[in-house]
Amino acid sequence: MKLGIALATGGADLETLLEQVGIARKAGFESAFFNQYASLDAISVAGLAGRLNPGMEVGTGVAITYARHPYAMAEQALAANAISGGTFTLGLGPSHKHFVEAMYGVPYDRPAVHVREYLTALRPLLRGEPVDFQGETLSVTGQIPAPGAEPPPVLIAALGPVMLRVAGELADGTILTWVGAPLIGDFIAPRITAAAEAAGRPAPRVVASTMVCITSDPDRVRGELEAQMGFTGDFAAYRAVLDRQGLSGVHELLIAGDESEVEKGVERFASAGATDLAIIPIGTPEEQARTFAFFSR
């Protein structure tokens, strides 16, 4: 299983983000994924981070489909992959109804149909092929001649059976949030793999992320996480995936404890079928440093 780091663009300036990626690369992390929410553009930051850290995979986790027409997304993704030196991965997702409708002023209708149509148009655009697509949720006509630009891999945020089928059939894998190892092994990996096999596609990537804290007081850290992030359970997609796992909130997904406990938690992801795990160190500065040091190699 490939280990990486997940970074939030919100609340951090560009130099800080780039510094964090550089530190992660020196520590031996193989990838860095940036989320996207009302801040610096994650695709642009990822492309630059890849340029400054040759050979390290960089990507988005995730760029919001409703925020960009597939043609615009393809143009920017091709540019980011060229800037990074070919190490960029485009993670996409439809985000959430209240975000999309409030921030972008577009209706959040039939997100699974939207994502399927989005990928149907986007993938050939990334390959430089002409597209003339008229769907139920979007229309795309055009071609992107980008000499020397290679199409990046595409991952889809998929938590339910319909989206997992779309990801297996049309993308290179899935990128997950608020998902524990048991759900990957019992639900996510089998479904996306079956969909990819049925479509004649290669085995998909399953890119998970998890918050981690090496600490002597895991209950305190979980309580702080519940206070800070408990609201995410109000999002329909996250509530559904938490319910599927029998969890009351995202704080229950935290891997916390001493080094041995954290190692066991990470190994569970590998055993469940995750191909990649992006670590999010949390806790006090001292706990984050201890966590980071544990994963350094």
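Author: We may begin with valine 62, which lies in the loop between β3 (57-60) and β4 (63-64); helices (H or I, at least four residues) and strands (E, at least two) are DSSP runs, numbered from the N terminus. The peptide bond from glycine 61 to valine 62 is cis, with omega near 10°. This is a predicted model, in which local features need pLDDT of at least 70 and side-chain atom pairs count only at pLDDT 80 or more, while totals for chains, interfaces and linings use all residues. Residues are numbered from 1 along each chain as its sequence is written, and side-chain values use heavy atoms, with hydrogens and water left out.

Reader: Why does serine 95 count as buried?

Author: Buried means under 20% relative accessible area, exposed over 50%, and partly exposed in between (1.4 Å probe, protein chains only). Serine 95 has a relative accessibility of 18% and therefore counts as buried. Its place is in the loop between β5 (88-93) and α4 (97-104), and its phi is near 65°, a positive value in a residue other than glycine.

Reader: What makes tryptophan 178 buried?

Author: Tryptophan 178 has a relative accessible area of 12%, so it is buried. This residue lies in the loop between β9 and α7, with a phi near 60°, again positive in a residue other than glycine.

Reader: Why is threonine 174 called buried, and which residues does it touch?

Author: Threonine 174 has a relative accessible area of 0%, and is therefore buried. It lies in strand β9 (residues 173-175). Contact means heavy atoms within 4.5 Å; not counting residues up to four places away in sequence, threonine 174 touches several residues, including Leu155, Ile188, Ile192 and Val206.

Reader: How do you know that the span of α7 agrees with its number of residues?

Author: The expected span of a helix is 1.5 Å times one less than its number of residues. For the 18 residues of α7 this should be 26 Å, and the end C-alpha atoms are 24 Å apart, so the two agree.

Reader: What is the bend of α7, and where is it?

Author: The bend at a residue is the angle between axes fitted to the seven residues ending there and the seven starting there. In α7 the bend is about 40° at isoleucine 188, and proline 190 follows within four residues. Isoleucine 188 is also one of the buried residues of α7, whose cover includes β9 and α10.
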